[in-house]
Amino acid sequence: RVAGVKVPRHFHPENQADRRCLGKAFDRVLEGLGRPVVKPRRAAVDAELSDQITELRSQMKAHPCHSCPDRESHARFAERAMRLRRRSERELTKARAKATSIATQFERIVLVLEALGYLGTGGDTVTDAGRMLSGIYSELDLVTAEAIRRGVFDGLDCPQLAAVLSTIVHE
């Protein structure tokens, strides 16, 4: 309810007839309150603009499409085609953004692996350290490989090594 007027459940603000009915309902409420209904005045259109509108309307009526008996169905098909084109463009934009983000993330990973020596220059070749890294199956595979390469585990005895590896092992 708005100002004592029940808005219909299936009211569509884009529909001119629905807006007109709702406006009349508001007018009736205002009249019931004893307030005068003030209708908006249309601005006076100057003669030149009026002539131009008349000319454009006559050109529109003279166009060959205007006399087509299937004009309305063609217009609906054209609207649907435009709607589908916009939807397609939105989906393509989303797909490109997703692909770009995946590609960007991959490029960053390649740069890190290259900087750490797991990939050769340009990221096209796998080094010996990269082959070792590819054999480590863990969520912390890069950390584990770096620890092995830097000799972090070298000074540990068996119980210490088992304790550290138990934190790294995936299963």
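The model is predicted, so local features need pLDDT of at least 70 and side-chain atom pairs count only at pLDDT 80 or more, while totals for chains, interfaces and linings use all residues. Residues are numbered from 1 along each chain as its sequence is written, and side-chain values use heavy atoms, with hydrogens and water left out.

**The whole chain**

You'll find 6 helices and 0 strands here; helices are DSSP runs of H or I with at least four residues, strands are E runs of at least two, and both are numbered from the N terminus. Of the 171 residues, 12% are buried (under 20% relative accessible area, with a 1.4 Å probe and protein chains only). The chain exposes about 14,700 Å², and carbon and sulfur atoms supply 57% of that; the areas come from the Shrake-Rupley method with a 1.4 Å probe.

Helix α5 covers residues 141–149 and holds glutamate 146. Threonine 144 lies in helix α5 too. Here is how accessible they are:

| Residue | Relative accessible area |
|---|---|
| Glutamate 146 | 13% |
| Threonine 144 | 6% |

What does the side chain of glutamate 146 make a polar contact with? Its partner is the side chain of tyrosine 118, at 2.6 Å (a polar contact is a pair of N or O atoms within 3.5 Å, one able to donate a hydrogen and the other to accept it; residues adjacent in sequence count only if both atoms are side-chain atoms).

Threonine 144 has a side-chain polar atom 2.8 Å from the backbone oxygen of leucine 140. Leaving aside residues up to four places away in sequence, threonine 144 touches Ile136, Phe153 and Ile168, where touching means heavy atoms within 4.5 Å.

Terms used: Buried < 20%, exposed > 50% of the residue type's maximum accessible area, 1.4 Å probe, protein only.
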